[in-house]
Structure formats: C-alpha cells, structure tokens
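Good morning, colleagues. Please take a moment with the structure on the screen before I turn to its aromatic residues.

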Amino acid sequence: MSERKDQNWPKDEFARHEVWAQWWWLLPVAIGLLAAALLPAMSSLKRKPVVILYCAQDQEYAEPLLKRFEQETGIRVKAVFDSEAVKTVGLANRLLAERSHPQCDVFWGNEEFRTRQLAAQHVFRETNGWAAFGHRSRRIVINTNLVAADKLPAATSLLDLTNAVYRGKVALAFPQFGTTGTHLNALRQRWGESNWLAWCRALVANEAKLVDGNSVVVKLVGRGEAAVGLTDSDDVFAGQREGLPVAMLPPDAETLLIPNTVGVVRNAPHAAAAETLFHWLQQPEVARRLVEANALESAGPPGTVGLQPDWSALLRDLDATTKQLNEVFLK
C-alpha cells in the first residue's frame with residue numbers, strides 16, 4: 001500500500017502544493033529567459049527595412065525576382081500589382097492621385113509610355129528619376145490551324161485586319177489601356193490622324209472582338225474564336241507553353257518595342273530602400289532572367305526596328321487620342 005501511495009503522490013493535493021511552494025520561483029525565471037531570447041529577433045524584424053513597390057510587370061514574373069532581392073539585400077518588398085484589364089493605367093492613376101502624399105517608393109512599369117506620362121507629371125524624383133531595361137514587343141498573333149494559304153491569308157500589315165476576310169475574326173484588348181493603348185497612340189502618329197481614325201472605325205465595323213487584356217486575346221485566338229489578334233510577345237509565349245496553336249508574325253515597321261521601366265517616386269517614404277531596388281532592377285542579370293521566363297524578348301535596349309515614336313508629341317496629344325479611342329471603341 002505504501003509503495004502504491006508513493007507512486008501516486010502527484011495526485012495528493014498536499015504534495016502538489018508542497019512541490020509548487022518549492023519550485024514556483026522558476027516560472028518567472030523561465031519567462032524572463034524566453035523573453036530575452038526572443039526580443040532580439042523581434043527587434044530585428046521590426047527594424048527590417050521595407051520598400052513599397054507598385055508593379056505593372058506580371059506577378060508570375062516579378063515575384064521570384066523580388067524574393068531574390070529580399071534575400072540578397074534584407075529589404076522586405078511590399079508589392080501592389082495591377083489587374084489584367086486596366087494594366088499600367090490603374091497604377092499610373094494611383095500614383096498621380098498620391099502625388100501630394102506618396103505611398104509608393106518604386107514603380108516597376110511594363111511599358112514606356114505611361115512611365116513617360118508619370119515623369120511629365122512630376123511623379124518621379126527630379127534627378128535620375130526613371131530608367132528602361134530590356135524589351136518585348138507588340139505582335140500580330142495567329143491561330144496556326146486557321147491562318148494558312150488554303151484558309152485565311154496571313155496579314156502583312158495591321159491595315160489588312162480591316163479586310164472583309166477577317167470580319168469577326170480579329171481580337172484586341174481595349175485600346176484605352178496598357179500596351180494596346182500605347183501601340184494605337186504610336187500608330188496614330190505614324191499613319192496620320194485621319195488614316196488612323198478611319199482604320200479604328202473600320203476595325204469596329206469589321207466586328208473586331210474587344211477583350212480584357214492581351215492574355216485573353218491569345219486565348220481567344222488559341223481556341224479559334226478569333227483567327228488573329230493584337231497582343232504582346234510574352235502573352236504569345238505563355239500561350240505556346242499551354243499548348244495553344246498560336247504563333248507571332250515577324251516584327252515590321254508597325255511593331256512597337258516595349259521596354260520595362262523602373263522609377264523612384266518623388267519624396268519616396270523609404271528613400272534608401274527605394275534607391276537599392278531601383279539599381280537592383282537595372283542589373284543585366286534581372287533582364288536576363290526575365291528573358292529566360294519569356295517576359296522579355298531581349299535584355300538589351302530597343303533597336304531601330306519598328307515604330308520610333310516622338311514621345312513628347314504622344315504625350316501632348318494623349319487626351320485628344322484617348323477621347324477619340326473612347327468615341328470609337330466604347331459605343
């Protein structure tokens with residue numbers, strides 16, 4: 001009996017109180033030691049520098065690079081991405097609205113025109129405010145099962161897309177936004193206002209399909225719901241990875257080359273971290289990795305093939321051009 005009672009001593013109320021009376025002082029000591037061990041880590045986490053990024057580059061391409069940046073620099077990136085439908089325009093409008101109280105440090109753009117628009121509106125710092133790196137392009141994408149000598153002829157110019165043979169078979173993203181908007185602005189400059197406006201109206205009369213974004217254009221063409229489309233090279237590469245029967249026509253004088261851009265916001269809340277990210281994104285290694293992912297076609301700057309816009313004139317005419325685009329395509 002005595003042996004069994006000794007084995008069950010923790011169940012004895014008096015014994016438990018006696019043990020607690022002898023060892024209670026270890027509890028605060030343990031808590032103190034635990035706090036001392038955790039405080040440096042918590043303090044370090046709290047002091048970790050942060051950079052706020054508005055990012056128009058596709059999230060699937062940008063996130064791996066941003067994680068690499070965090071690992072290399074110890075700077076945490078809080079990224080705000082755009083939507084497929086409005087692309088860079090949405091982030092650009094947000095930056096314009098925040099000019100008097102900046103919330104963003106760095107803007108990573110996926111096309112040049114909107115970055116130039118923001119620079120003209122003094123969104124970026126005055127000196128070394130923005131830079132371009134690498135490039136992709138605007139292309140005509142075709143469904144390789146539909147566009148052939150015995151079915152539909154291949155378009156040799158964007159002007160061909162208004163021909164009756166392509167009625168209801170052309171797709172493009174809404175031209176008020178993103179690279180489609182930039183491309184149409186540049187074509188207006190190249191062709192002249194009257195010829196450009198006639199072409200836009202002819203596209204609508206020819207029942208061109210307007211969709212939410214360039215990736216949707218590729219999907220429509222890949223499914224055969226459209227035979228040809230206007231889109232970006234990276235979206236064509238993505239469609240090919242998915243096994244869609246799509247291909248790009250070669251670049252020509254109507255092709256628009258599209259660099260990525262990076263800019264530091266004027267009075268950025270986290271200026272030092274912003275400077276680090278600004279220079280990091282311009283490294284050749286970053287552009288090379290974007291090329292490997294098919295987000296860019298080349299790590300080098302745009303060459304002389306394709307449209308050579310007068311950017312100052314495009315910015316000057318932007319409001320008038322946008323008004324005309326709305327009148328034609330939003331009926």
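Over the ring of which residue does the charged end of Arg188 sit? The ring is that of Trp196, with its centre 5.7 Å away; a charge counts as over a ring if NZ of Lys or CZ of Arg is within 6 Å of the ring centre and within 35 degrees of the ring normal. Arg125 likewise lies over the face of Phe278, at 5.1 Å from the ring centre.

This is a predicted model, in which local features need pLDDT of at least 70 and side-chain atom pairs count only at pLDDT 80 or more, while totals for chains, interfaces and linings use all residues. Residues are numbered from 1 along each chain as its sequence is written, and side-chain values use heavy atoms, with hydrogens and water left out.

I turn now to ring pairs. The structure holds five aromatic pairs, that is, rings of Phe, Tyr and Trp (its six-membered ring) with centres within 6.5 Å; planes under 30 degrees apart count as stacked, over 60 as edge-to-face and the rest as tilted. Phe107 and Phe124 are stacked, because their ring centres are 6.4 Å apart and their planes stand at 20 degrees. Phe107 is buried at a relative accessible area of 0%, and Phe124 is buried at 3%, where buried means under 20%, exposed over 50% and partly exposed in between (1.4 Å probe, protein chains only). Trp191 and Trp199 form an edge-to-face pair, because their planes are at 75 degrees, with ring centres 5.1 Å apart. Both Trp191 and Trp199 are buried.
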